Amino acid sequence: MKDALRLLKDKKLRHKERYTSLGYQYVIADNINFLNKDDWSELTKNKTVFMSLAYLQVLDAHSPKNTEQRYALAYQNGKPIAAFVFQLAVISGEQLVLPDKKLKEKVVKRYQERVLVCGNLVSNGLHGVALSDELPVEQGWRIAAELMYRIRRGEKINGSVNFVLIKDLNKGELDDSMVMERYSYRKIQTDPDMVLHLPKRCDSFDDYLQLLTSKYRNRIRKVIKNLQQTNITDERVTDLAPYEAIIHRLYLQVEERAEVRPATLPQGYFSALASALGKGFCCSIVKHDNEIVGFVSTIKDGDIAKGYYVGFDEQTNQTFPIYFRLLQLVIEHGISMGCQVISFGRTASEPKTGLGAKPFSTYVWARHRLPTVNFIVRKLFRVIPCEEAPERNALKKSEG
């Protein structure tokens with residue numbers, strides 16, 4: 001009886017928390033350039049590059065067709081204390097995976113949701129929250145919850161926003177944000193981020209190869225040799241403008257086969273991003289008989305090299321191991337950027353484990369306005385179906 005009374009009391013308290021203002025001041029904008037740039041830069045410096053002005057200006061200019069950007073700054077007594085990146089996206093069932101066969105295809109086709117995302121649908125990582133060091137982390141997440149409520153309510157003029165998503169959190173970030181449960185958010189585990197850790201003395205791709213056991217090292221060398229013998233070469237490019245059209249076509253070939261494609265980038269994004277990030281962006285192309293058949297991009301995010309978007313000709317990849325070579329090029333990019341951590345992102349975990357990458361758990365917070373809809377939404381919107389990465393010991397034990 002005492003437990004029931006305690007739960008009832010806590011339920012009432014949580015309801016009061018959700019509908020009581022925290023007392024901060026907010027500025028919400030539809031474009032990053034509408035906000036105070038000095039305040040934004042101060043809060044986001046030394047944070048993720050995906051919250052930098054340079055990146056967000058590219059995203060504003062080259063947003064996916066089904067998304068709109070929203071930004072917010074939180075102030076306390078006139079001092080900026082938190083910055084947030086949001087996206088509004090119209091997502092249909094056909095853009096999402098169907099993890100439960102009991103949900104009939106017609107249900108998926110009829111499903112369409114206007115979603116508010118804290119973060120970025122075209123990047124992997126927690127790229128929507130930057131807090132002042134003086135602000136308690138739990139309070140920062142309470143501010144995020146209040147802002148998402150305000151934005152959702154303010155958007156009613158354009159249509160209901162019933163579903164809210166916060167992506168993507170690692171285990172530590174999930175622990176820091178557990179207060180979101182008090183706002184009726186549910187955590188969902190997604191596919192792990194595949195990460196390769198390199199020692200300080202790894203200064204070249206040859207150094208990296210020496211970290212591998214002979215089985216995996218010989219496999220990589222065999223792939224490189226076979227590609228060279230079939231006149232398949234790769235080169236790094238800095239000016240992507242001349243290659244934008246073909247790179248975008250190759251990107252679409254991969255995007256259209258993906259189980260989940262909540263947002264598709266428009267042509268022009270990659271060359272604009274390369275120009276904006278400069279040395280913080282790497283791109284390599286792969287040619288077969290001088291025809292471009294693949295590309296891969298990598299972004300330096302602090303001390304982490306993030307394997308970004310990849311594209312390749314499916315027919316060529318069925319004959320030659322183009323994709324595996326593109327993954328190797330991400331490692332080359334990361335080493336040249338001076339990074340000891342290489343994040344390959346989610347999906348296709350098996351070939352990544354063969355390069356020495358290990359899985360690290362990732363999560364999202366999800367909330368639907370209608371509790372009775374949560375069950376279906378959680379199954380429809382898994383972001384990526386969670387699968388366990390295969391066990392591989394590609395790195396020598398002494399170097400692992």
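Predicted model: local features only at pLDDT ≥ 70, side-chain atom pairs only at ≥ 80, totals over all residues.
**Helices α2 and α3**

Helix α2 spans residues 37-44 and helix α3 spans residues 53-61; their axes come within 11 Å and cross at roughly 120 degrees. An angle of 65 to 115 degrees would count as roughly perpendicular, and α2 and α3 are therefore oblique to each other. On the α2 side the contact involves Lys-37, Trp-40 and Ser-41, which meet Leu-53, Leu-56 and Gln-57 of α3. By class, the residues of this contact are three nonpolar, two polar and one charged. The loop between α2 and α3 holds Asn-46. Although Asn-46 is not a glycine, its phi is positive, at about 65 degrees.

**The second largest pocket**

The volume of the second largest pocket is about 880 Å³. Its lining is made up of 35 residues, and those closest to the pocket centre are Gly-125, Leu-126, Asp-168, Asn-170 and Glu-173. Sorted by class, the lining has 12 nonpolar, 12 polar and 11 charged residues.

Asp-168, one of the residues closest to the pocket centre, is found in strand β6. The peptide bond leading from Lys-167 to Asp-168 is cis, and its omega is near -20 degrees.

**Aromatic pairs**

The structure holds 12 aromatic pairs. One of them is formed by Phe-205 and Tyr-208, with 5.3 Å from centre to centre and 40 degrees between the planes. Planes under 30 degrees apart count as stacked and those over 60 as edge-to-face, so the pair of Phe-205 and Tyr-208 is tilted. Both residues belong to helix α7, which covers residues 205-211. Phe-205 and Tyr-208 are three residues apart in α7, about one turn of the helix.

Note on methods:
Residues numbered from 1 in each chain as written. Heavy atoms only, no water. Axes fitted to C-alpha atoms, helices over the stretch in contact; angles between N-to-C directions. Helix = DSSP H or I, 4+ residues; strand = E, 2+ residues; numbered from the N terminus. Parallel < 35°, antiparallel > 145°, perpendicular 65-115°, else oblique. Contact = heavy atoms within 4.5 Å. Nonpolar A, V, L, I, M, F, W, Y, C, P; charged D, E, K, R; others polar. 1 Å grid on protein atoms, 1.4 Å probe; cavity = no way out; pocket = protein on both sides within 12 Å on 5 of 7 lines; lining within 4 Å. Points joined across faces, edges and corners; volume = space filled by probe spheres on them. Phe/Tyr/Trp six-rings, centres within 6.5 Å; stacked < 30°, edge-to-face > 60°.
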